[in-house]
Amino acid sequence: MAGLMAAAKTAGRLIAALLLGLAAVSQVVASDTTPAKQLFGNKKLPAQLPPQVHGFYSKGCFSGGIAIPTDGPHWQAMRLSRNRRWGHPQLIKTIEKLSREAAEKDGWPGLLVGDLSQPRGGPMLTGHASHQIGLDADIWLTPMPNRRFTAAERESTSAISVLKVKSVVTDPVIWTDAHGRLIMRAAGYPEVQRILVHPGIKKKLCDSWKGDRSALNKVRPYYGHHYHMHIRLRCPKGSPNCKPQNAVPSDSGCGKALDWWFDVALKPKKAAKPKKKAEKPKKPRKPKHTLLSDLPAACALVLDAPSPSSEAEATLKVSGTMTAFAPVKAIRSPFSMPALVPVPKPRPLN
Ligand SMILES: [Zn+2]
């Protein structure tokens with residue numbers, strides 16, 4: 001009798017396991033056609049697992065993310081509604097360090113922090129090809145004002161371009177030496193892999209930076225990036241699944257490589273000659289969305305992992321002075337703050 005009971009129990013377990021397996025398979029099949037940006041974009045909280053990075057900056061995800069608090073002694077996070085204040089703990093630490101050191105040593109009163117990553121990284125519903133593994137951060141090239149923005153102002157306030165209008169050179173009215181000090185400080189951190197800025201900013205640094213130039217090679221010219229700089233960290237220790245980016249060239253990058261941007265890449269395009277024959281209208285291509293199955297296999301586990309019970313539980317915790325930010329004392333900003341203009345329309349910030 002006992003033998004019969006045991007056999008029945010085993011059979012029951014087998015059936016349960018089979019059903020569970022089927023459920024898991026059907027879940028994978030169902031989610032396989034859903035764009036990964038929807039799966040990751042809908043997650044409100046991080047994966048409660050140890051911090052681990054999976055994949056590349058533009059194709060991956062991460063677990064154990066923490067959020068940078070909306071306010072710190074020397075920073076304010078912007079665009080809170082986007083829920084992109086999340087990063088690998090190393091990224092959050094680096095931003096905190098940069099905000100403090102820039103305020104203490106560079107005459108930069110504080111950081112306005114733009115997009116980091118979604119809680120579990122992954123592709124985003126709007127903007128950004130990268131920012132997927134919790135190691136990228138957009139820091140506005142607009143100094144923090146000496147008051148706290150309201151939540152509404154953090155949505156509507158626009159960053160200010162450091163370029164002259166319709167040009168590829170920095171505007172001497174807006175650009176200050178402190179801008180240069182902020183960028184070069186970040187570039188000097190060993191954990192920083194590269195910083196993306198507009199070629200006009202790189203040129204300005206090449207021509208004017210008088211300090212240690214050994215980190216100038218990490219400041220890389222790229223399209224856009226005249227409202228903010230993009231800080232990218234190296235793969236952190238303990239993340240063997242993180243795919244590193246090629247090392248930056250060892251030379252300063254102030255020579256021919258930079259000239260190419262002005263001589264070729266940023267030159268206004270000549271109007272195309274009118275075509276003789278009327279071309280067949282092209283069939284609109286189906287947009288190919290990245291699927292979960294295109295990402296590293298571990299990203300399925302990251303997506304399914306439990307969340308912490310609240311955002312507060314997954315927010316950077318440091319000494320009391322950090323979370324309870326200092327009352328806003330009148331920090332005398334070395335900058336005359338231009339009028340705050342509302343954003344005309346959302347711009348993808350890469
Ligand atoms: Zn960016």
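Student: Why is Cys206 called buried?

Tutor: In this predicted model, Cys206 has a relative accessibility of 10%, and since buried means under 20%, Cys206 counts as buried.

Student: How do you know whether the disulfide of Cys206 and Cys254 is left-handed or right-handed?

Tutor: The torsion about the S-S bond is about -85° for Cys206 and Cys254, so this disulfide is left-handed.

Student: How many disulfides are there in the whole structure, and what links distant parts of the chain?

Tutor: A search of the whole structure gives three disulfides. One of them joins Cys61 to Cys299, with an S to S distance of 2.1 Å, and this pair links distant parts of the chain, since Cys61 is in strand 2 (residues 59–63) and Cys299 is in helix 8, 238 residues apart. Cys61 has a relative accessible area of 0% and is therefore buried, and Cys299, at 0% relative accessibility, also counts as buried. Another disulfide is formed by Cys235 and Cys242, whose sulfur atoms are 2.0 Å apart; the torsion about their S-S bond is about -75°, so this disulfide is left-handed. When the bonded cysteines of the chain are numbered in sequence order, the pairing reads 1-6, 2-5, 3-4.

Student: What makes Lys203 and Asp207 a salt bridge?

Tutor: Their side chains meet at 3.4 Å, N to O, and because a salt bridge needs a side-chain nitrogen of Lys or Arg within 4 Å of a carboxyl oxygen of Asp or Glu, Lys203 and Asp207 qualify. The two residues are four residues apart in helix 6 (residues 199–208), so they are separated by about one helical turn. An α-helix has 3.6 residues a turn, so residues three or four places apart point the same way.

Student: Why is Asp207 called exposed, and what is Lys203 called?

Tutor: Asp207 has a relative accessible area of 53%, and because exposed means over 50%, Asp207 is exposed. Lys203, at 35% relative accessibility, counts as partly exposed.

Student: What makes Arg185 and Glu101 a link between distant parts of the chain?

Tutor: The side chains of Arg185 and Glu101 meet in a salt bridge of 3.5 Å, N to O, and the pair lies 84 residues apart, with Arg185 in helix 5 (residues 177–188) and Glu101 in helix 3. Glu101 has a relative accessible area of 16% and is therefore buried.

Student: How do you know that the span of helix 3 agrees with what it should be?

Tutor: At 1.5 Å a residue, the 17 residues of helix 3 (residues 89–105) should span 24 Å, and because the end C-alpha atoms are 24 Å apart, the two values agree. Among the buried residues of helix 3 are Leu91, Ile95 and Leu98.

Student: Which residues line the largest cavity, and what is its volume?

Tutor: The largest cavity has a volume of about 30 Å³, and its lining is made of Leu91, Thr94, Ile95, Leu98 and Ile231. Helix 3 supplies the largest share of that lining, four residues. By class, the lining has four nonpolar residues, one polar residue and no charged residues.

Note on methods
Residues are numbered from 1 along each chain as its sequence is written. This is a predicted model: local features need pLDDT of at least 70, side-chain atom pairs count only at pLDDT 80 or more; totals for chains, interfaces and linings use all residues. Side-chain values use heavy atoms; hydrogens and water are left out. The expected span of a helix is 1.5 Å times one less than its number of residues. Buried means under 20% relative accessible area, exposed over 50%, partly exposed in between (1.4 Å probe, protein chains only). On a 1 Å grid over the protein atoms alone, a cavity is a set of points where a 1.4 Å probe fits but cannot get out, and a pocket is an open set with protein on both sides within 12 Å along at least five of seven lines; lining residues have an atom within 4 Å of a point. Grid points are joined across faces, edges and corners, and a volume is the space filled by probe spheres set on the points. Ala, Val, Leu, Ile, Met, Phe, Trp, Tyr, Cys and Pro count as nonpolar, Asp, Glu, Lys and Arg as charged, and the others, Gly among them, as polar. A disulfide is a pair of cysteine sulfur atoms within 2.5 Å.
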